[in-house]
Amino acid sequence: RELLSSDAMKDYNRARVYLDENYKSQEHFTALGSFYFLHESLKNIYQFDFKAKKYKKVTGKEIYSDTLESTPMLEKEKFPQDYFPECKWSRKGFIRTRWCITDCAFDLVNIHLFHDASNLIAWETSPSVYSGIRHKALGYVLDRIIDQRFEKVSYFVFGDFNFRLDAKAVVETLCAKATMQTIRAADTNEVVKLIFRESDNDRKVMLQLEKKLFDYFNQDVFRDNNGTALLEFDRELSVFKDRLYELDISFPPSYPYSEDSSQGRQYMNTRCPAWCDRILMSHSAKELILKSENDEKIVIYDHIGPNVCMGDHKPVFLSFRIAAGAGKPIANVHKCCVVQ
């Protein structure tokens, strides 16, 4: 509420805020939230009512929390428990809203996919078992938002996808000239730690790997040139290349950053840094952006606060303009969406 009434936001005269605050519901809680601020220069903005199956004009500022399941202006789902049985209580799912600006209709889908529970398990196979779980969950969301219940429109999917680098391939590349030492638990013989040492150079330790430890001796490899040398190991999206498009990544891995307020650029030694936070789109949404290009328009896909501590994730943003009429070739023109 302070943000909505702040001087910085005075030109945004309409807003919709959706916060899942139903903390105690194991069946429904997703820990997701979506904030939409609409600038006064936009004359006609309509939002889709999924229950009534029609667009409604957006006026005023409204906040929805607690039980979002009863709000007809969005679709919210939590993934079934059997998607990720290692978690006693998962908070993963998605929130979808649909908008119409001028004659252009599109979905905005806020998503949170499953994490890697263990570095050691992620290292065992290529691709990892966790990658397969995320693949299944993202496929479910994409099928859900283009099913037969509603008209198909362009869509943007954004949030914490928890996409990780191919752990086995990364470790084998970073430690190509190292020897591996395996440490097992005395009672169970389970592998609890892997130590990679240089073959010479006094057997210097290059990498220590445990369930929740990824301690590589040179973090600069993840920061130099925005870590782009490691993008070849970012492979999870390739499965969806026929369904999803992403602009070129030109920012460093967005996770896991130190939560020490004085260490804004430092990664924690808990996970291999990866581009977890992404903004993806349907191919029709890609056309929407690119066909809108003109002298005034620049598309920017980047992260926020490179030197500022913002928690363990760096926020990622996509900035673009949609020209009036850009939606005509790919979406039905709605009477509600004519520019006045």
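A salt bridge, as I use the term here, is a side-chain nitrogen of Lys or Arg within 4 Å of a carboxyl oxygen of Asp or Glu.

**Ground rules.** I am working from a predicted model, where local features need pLDDT of at least 70, side-chain atom pairs count only at pLDDT 80 or more, and totals for chains, interfaces and linings use all residues. Residues are numbered from 1 along each chain as its sequence is written, and side-chain values use heavy atoms, with hydrogens and water left out.

**Entry 1, Arg96 and Asp107.** I began with this pair, whose closest N and O atoms are 3.0 Å apart in a salt bridge. Arg96 sits in strand β7 and Asp107 in strand β8, so the bridge ties together parts 11 residues apart in sequence. For these labels I took helices (H or I, at least four residues) and strands (E, at least two) as DSSP runs, numbered from the N terminus. Are the two residues buried or exposed? Arg96 is buried at 0% relative accessibility, and Asp107 is buried with a relative accessible area of 0%. My cut-offs were under 20% relative accessible area for buried, over 50% for exposed, and partly exposed in between (1.4 Å probe, protein chains only).

Next I looked up a salt bridge between the side chains of Glu77 and Arg144, at 2.5 Å from N to O. This one links distant parts of the chain, 67 residues apart: Glu77 is in strand β6 (residues 75-78) and Arg144 in helix α2. Glu77 comes out buried at 18%, while Arg144 is partly exposed at 26%.

For the model, I noted a count of 20 salt bridges.

Last, I checked a salt bridge at 3.4 Å, N to O, between the side chains of Glu210 and Lys193. The pair joins strand β12 (residues 205-210), which holds Glu210, to strand β11 (residues 191-198), which holds Lys193, 17 residues apart. Glu210 counts as partly exposed at 26%, whereas Lys193 is buried at 19%.
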